[in-house]
Amino acid sequence: MSNYHIKHLEEYYQVYRKSVREPEHFWEEIAEEHFLWRKKWDNVLSWDFTKPEVKWFEGAKLNITENCIDRHLATRGDKTAIIFEPNNPKEAAVHISYKALYHRVNKFANVLKSQGVKKGDRVCIYLPMIPELAVSVLACARIGAIHSVVFAGFSASALATRINDSDCKLVITSDGSYRGAKTIDLKGIVDDALNECENVSTVLVAKRINSNVKMKAGRDQWLQPLLDEASNQLKAEVMDAEDPLFILYTSGSTGTPKGMVHTTAGYMVYAAYTFKNVFQYREKDVYWCTADIGWITGHSYIIYGPLCNGATTIMFEGVPSYPDFGRFWEIIEKHKVNQFYTAPTAIRALAKEGVEHLEKHDLSSIKVLGTVGEPINEEAWHWYDDNVGKRKSPIVDTWWQTETGGIMITPIAYATPTKPTYATLPFIGIQPALMDEHGKEIKGNQVDGRLCIKYPWPSMARTIWGNHQRYKDTYFSAYKNKYFTGDGALRDEVGYYRITGRVDDVIIVSGHNLGTAPIEDAINEHPAVAESAIVGFPHDIKGNALYGYVTLKETGESRDQNNLRKEINQLITDQIGPIAKLDKIQFTNGLPKTRSGKIMRRILRKIASNESNNLGDISTLLNPECVQEIIDNVL
Ligand code: PRX
């Protein structure tokens, strides 16, 4: 018997030791006993971090949707797979059974096929959190097309970059989306994006808000009539273990977004195994992750991980503040949610509203609470524990990344004793290392360093779409033979990890990864701007907010600075999306630079964070005089 379900701390340690001592044997057992294969593998793992190349379950044949859907039909056909909870609480929730999901996915897959989509083709999905989003993801996987979901809060320009980077020929979108009291014209955004995307020949449009959208003849088609016509039967495509399953873009500190490529078998095994154990999911439980499927959390822990385990998973279309700040609690009560997984930024926003919204609802169904996306501060952790979990539901603070595909450092609910702000212990099979600045591993406890992983795990991204060299440079060059995460971490006296934050130029705002370079590029497009630098500064709710230092080409009082600020934020909104807008913009006469001309963000970060009394030695700067001016005018 393999160790598919871990229940105690001793069991964790025992299974962990086994997973490190004999990783191949360990993962082989898990894969063999808990998944459906068309053909088993010839080799469990081959790897070389210098190339870098990693292959899991080579030679195996499978289709992930047969694992997510078909194999449950006999025993769970009528069980609810997905509960769709609409933006408007007055609209009825929709329960989609495994059988209904099977038919819907087959229909959608047949539509894709009829539009000429073939195995290996890339399909871009730009949809709100409606059932069509989950169904289209699974439909792609069913026919072996590679899905690239783009979060529907990204701008037309950001969408176009992503469509072109992976050369998608087909885009799936909707007429619009609901977001609280607002509607958003998604189809209009797609139309704008496609002005820059020559290769897109087909757009499938789901109806959600019934708005009057323009349909371009020969390119745009309403989805529903095509679905109505399509057969609900389809044989799943047989995929190789290492065939790409999806591309998901994430920001880098420099350059264009990175299309992380995840492959089929390893990703499936790890997403499913982590889901089962971290959240201690049991057959009758109702699980809710509030993330958007446009992010990795939604891919692994709304769709693939839960469905592989035959779980009931909620998709929520709305926002925590609509119609009021009680919405999350109302949904938990309504669907009797057992596992609730959200982000620290949401917890802080809800905590700010006090407990009266909470007290109106019965949250007694909750067994496990989760957090993800950024470090959780102690205050938010306790608020969550006291008020939502009533001190009886463990909080799993799960550390992981788009690149890792699944949860890496985390408590296992009810097994690992939790500690506020600590992600605690490596998950089964994960071998972390803390590194010093000279590239040496720091052994022992009560130490801090840069977080690396020294052994492959099944769900790691295999490459960056179209740019393997960048994959190597970004993740495998800083430390020999190790995957570098870009995060700093400390290890306490018992070996628990606490993630201290990014050590590169990525800033996490409200749980969203934002690279500084693309934002600076957007600002620098403004004709009045000479130069800019973005840093993060602490923010009560967002965790970090963005502070921009901007030098203008011509100084002078003639320009209205508030107008300039608006124009700069508009440029950012157009190029990236509203999530990357700056909270503060300071106009400066110069930016502090090293003698080689590199902007000293460390100094700017301290000034923005009100730590200008602790700047260290600035005398070696090229232009130390600008520092005082910046301090004097800080916002
Ligand atoms: O800095 C870490 C932070 O989020 C980064 C990964 O972001 P992304 O690829 O968007 O994936 C987010 C969802 C998995 C990490 O490098 N991060 C994520 N989870 C945590 C975290 N920081 C601290 N604690 C966490 N639990």
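Which polar side-chain atom lies 2.9 Å from an oxygen atom of the ligand? In this predicted model, the atom belongs to Gln401. A backbone N or O atom of Gly373 is 3.1 Å from a nitrogen atom of the ligand, and a polar backbone atom of Glu374 lies 3.3 Å from a ligand nitrogen atom. These distances count as polar contacts because each pair of N or O atoms is within 3.5 Å.

The ligand has 540 Å² of accessible area on its own, and the protein covers 95% of that area. Around the ligand there are 18 residues, of which Asp397, Thr398, Thr402, Asp487 and Arg502 come nearest. Sorted by class, the shell holds seven nonpolar residues, six polar residues and five charged residues. Helix 11 (296-308), strand 20 (395-398) and strand 26 (497-502) are the elements that each contribute two or more residues to this shell.

In general, the strands of a sheet pair through backbone hydrogen bonds, in either a parallel or an antiparallel arrangement.

The partner of strand 26 is strand 25, residues 483-491, and five bridges join the two in the antiparallel sense. Within this pair, Leu490 stands opposite Arg498 of strand 26.

Key. Residues numbered from 1 in each chain as written. Predicted model: local features only at pLDDT ≥ 70, side-chain atom pairs only at ≥ 80, totals over all residues. Heavy atoms only, no water. Near = heavy atom within 4 Å. Polar contact = N/O pair within 3.5 Å; in protein donor to acceptor, adjacent residues only side chain to side chain. Areas by Shrake-Rupley, 256 points an atom, 1.4 Å probe, with all protein chains shown as cover. Helix = DSSP H or I, 4+ residues; strand = E, 2+ residues; numbered from the N terminus. Nonpolar A, V, L, I, M, F, W, Y, C, P; charged D, E, K, R; others polar. Pairing = 2+ DSSP bridges.
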